[in-house]
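Please look over the sequence and the model first.

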Amino acid sequence: MSTTRVAPPSSVARRSGRALGLLPAALVLLVLVLISVGLGSRDVAPADVWQALIGSTDRADATVIREMRMPRTLIALVVGAALALGGTILQGLARNPLADPGVLGINAGAALAVVAGALVFGAMPASAAVWFAFAGAALATVAVYTIAAVGREGATPVKLALAGAAATALCGSFSSAILLADPDALNELRMWQVGALAGRYYPVLVQLAPYFAVGIVAALFTGRALNLLSLGDELASTLGLRIDRTRGVLFAIVALLCGAATAACGPIVFVGLMIPHLARLITGPDYRWILAYSTVLGPVLLLGSDILGRVLLPTAEVPVGVVVGVLGAPVFVLLVRFRRIVTI
Amino acid sequence: MTAVMAPVGTTARRFRALSRRRLGATVVVLSAVVVLLFVVSLVVGSVVVPPVDAVLATFGVGEDATVFVIQELRLTRAGAAALVGIALGVSGTLFQRVLGNPLASPDFLGVAAGAGTAAAAALVLGGVAGFTLSGYALLGGLATAALVYFLAWHRGVSEYRFILVGIGVGALASSVTSYLVARAEFSDARAALSWLVGSVGMATPGLLRVVAVLLVVLAVSGPGLARMLRALELGDEPARMLGARAERDRFVLLGVAAVLVSVATAAVGPVAFVAMLAGPLAAIALGPTSRSILASGLMGAVILQVADLLAQHALAWPISTGVVTGAFGAPYIAWVLISAARETSAG
């Protein structure tokens, strides 16, 4: 834990360097957005993409772009940011390099709640499903953290990962049991269960936008609290942080972010694991900067994975959840194998 | 169970005799339960067949309709629950004892997931079935086991790194499996889900035969494996003095365990946590003084049989076996984590 400290007061040069670093990341994101909007079974040239976006044409291209690819791209942006921020907060909260909304079973909990809600109340719009997702995410977060935190050494990476794996298995079991009872729901939720952006259009985005907005903005203001928590509970409370209340608020924000993300496109793992580490590599240990970078890099990863999934095979799409899973697992293994480089 | 070093003194001898009697009794009782549950799963169903008729029908004796129901519909499933259960139980207890950790089961080590991915790929992409399918699963399981071993090995095998690497590799494998299954566009979405969570009902007679042959080979080599295991559990140093080659033995035992779980997964899919639960439950039945691979295998069969009976009949609609075992295994993991933490806090 040798690097457990708040960043020294940054010099102006260092700070402006980090702020400038966001620029290339944002540029990459912009390029990805253009590719995402232009790419598909009906390829659209970048110039026409622009025309369609500013609304000066009303050809078929414009319809495809405005009604299908734009919402999909926008959902990828907010979900990517939400998962990355959720992961960052969890890692700071648990002082744990392996914390991730997927690994900890939080997304699986949200998914179970959505499936259970669909069983009891029938098909419902995203604006209703999201409340079930919040409840499921919150329950899973608290349960997993509580189980892992018993004992003197607290929530170690191993215990969190195992408790999370158990929660994922349990929630997955119950979700499957419910889906097996209801063939229609099974067919509808099959792709969603893997984590997919396909077929997610404006209604989903519009209905979930308020929750994403609140969650992402709230998350961006948690940097100071996370910095204090990284000093250890005792020092943080000496410095005036109310530990229990802060933990509660942070958990609530995580549940909000992960619940909304899962309601939008199913349980996606590893975004919240990879991005904070990448951000930490760039910025150093100051959580305010890690959060800022996560907000940009999370969408880069999710959108990039979605694009990759669309071009990977000539015949069919690979769901984004699968692409991220395949990319993220090696990172997880590396983090386990070479723990020294990622001490939080 | 003969200890490697003969204990001295009459108290020790009496103690040993006692624990051996308990071991014998446990194995007999567990075997009886396995047979009983086997018959029960033949009897119960939409048509209830009287036990005697059911047993006769397995040999082709009785009314045509009964023989059809038993032989074509129920026998494979009942047999799969028992045989695959034994394979999983033995595999789990080998992993747990070699790695010295109750949570070191093939579920967490990624082996089952890797075997499942290879089997799903062979099935979906190549239309492979039966014997060849279990061959692919075997390749997948062994390759995953080797990968996890290679990635986790760092001046010896620390069990927790082993488990965490296994969770990561397992997550990768299940991602690919869920993609393959989603892509397959099963006409029946239930069949697809069965592939993801595992169900005893998926077993075919061909795959079951592979499992049976494997178990016969295992039974023949059992005493040798048990000897290796006991030597390893004394620790590397005494084991070396007794002439055991610790690293090689560990490799052999983990290899056998990986083969067992791979073939089991080819037959019924990745049914969660049976391998993890079998050893510890058998240990409760045996008491603290003795351990037995055989008892763990039988306990694995009992778990899978009970889980499959519940899966078929407990709810108004049938569910996959893996759903039941997942639901029971997860609280057990939580309990292990909490009680282990309590112990370290108290000590």
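This is a predicted model: local features need pLDDT of at least 70, side-chain atom pairs count only at pLDDT 80 or more; totals for chains, interfaces and linings use all residues.

Residues are numbered from 1 along each chain as its sequence is written, while chains are lettered from A and ligands numbered from 1 in the order in which they are written.

**Chain A overall**

- Chain A has 14 helices and zero strands (DSSP runs numbered from the N terminus: H or I of at least four residues for helices, E of at least two for strands).
- Of the 344 residues in chain A, 54% are buried, that is, with 20 or more other C-beta atoms within 10 Å of their own C-beta, placed from the backbone.
- Among contacts (C-beta atoms, placed from the backbone, within 7 Å) between residues of chain A at least 6 apart in sequence, 78% join residues at least 24 apart.

**Helices 8 and 11 of chain A**

- Helix 8 (residues 202-220) and helix 11 (residues 243-265) of chain A pack at about 155°, with axes 9 Å apart; the axes are lines fitted to C-alpha atoms over the stretch in contact, and angles run from 0 to 180 degrees between N-to-C directions.
- The two helices of chain A are therefore roughly antiparallel, a term for angles over 145 degrees.
- Residues in this contact include L208(A) and F212(A) of helix 8 and L256(A) and A260(A) of helix 11.
- By class, the contact has 13 nonpolar residues, one polar and no charged (Ala, Val, Leu, Ile, Met, Phe, Trp, Tyr, Cys and Pro are nonpolar; Asp, Glu, Lys and Arg charged; the others, Gly among them, polar).

**Helices 12 and 14 of chain A**

- The axes of helix 12 (residues 271-283) and helix 14 of chain A come within 9 Å and cross at roughly 55°.
- Among the residues that make the contact are H277(A) of helix 12 and F332(A) of helix 14.

**Helix 11 of chain B**

- Helix 11 (residues 246-268) of chain B has 23 residues and reaches 33 Å from its first C-alpha to its last.
- G269(B), which follows helix 11 of chain B, has a positive phi, near 80°.

**Contact between the chains**

- Chain A gives 42 residues to the contact and chain B gives 39 residues.
- Helix 6 of chain A supplies the largest share of the chain A side, 18 residues.
- The chain A side divides into 31 nonpolar, six polar and five charged residues.

Technical notes
Two residues are in contact if their C-beta atoms, placed from the backbone, lie within 7 Å. Angles under 35 degrees count as roughly parallel, over 145 as roughly antiparallel, 65 to 115 as roughly perpendicular and the rest as oblique. The expected span of a helix is 1.5 Å times one less than its number of residues. A residue is buried if 20 or more other C-beta atoms lie within 10 Å of its own, exposed if 12 or fewer, and partly exposed in between; C-beta atoms are placed from the backbone.
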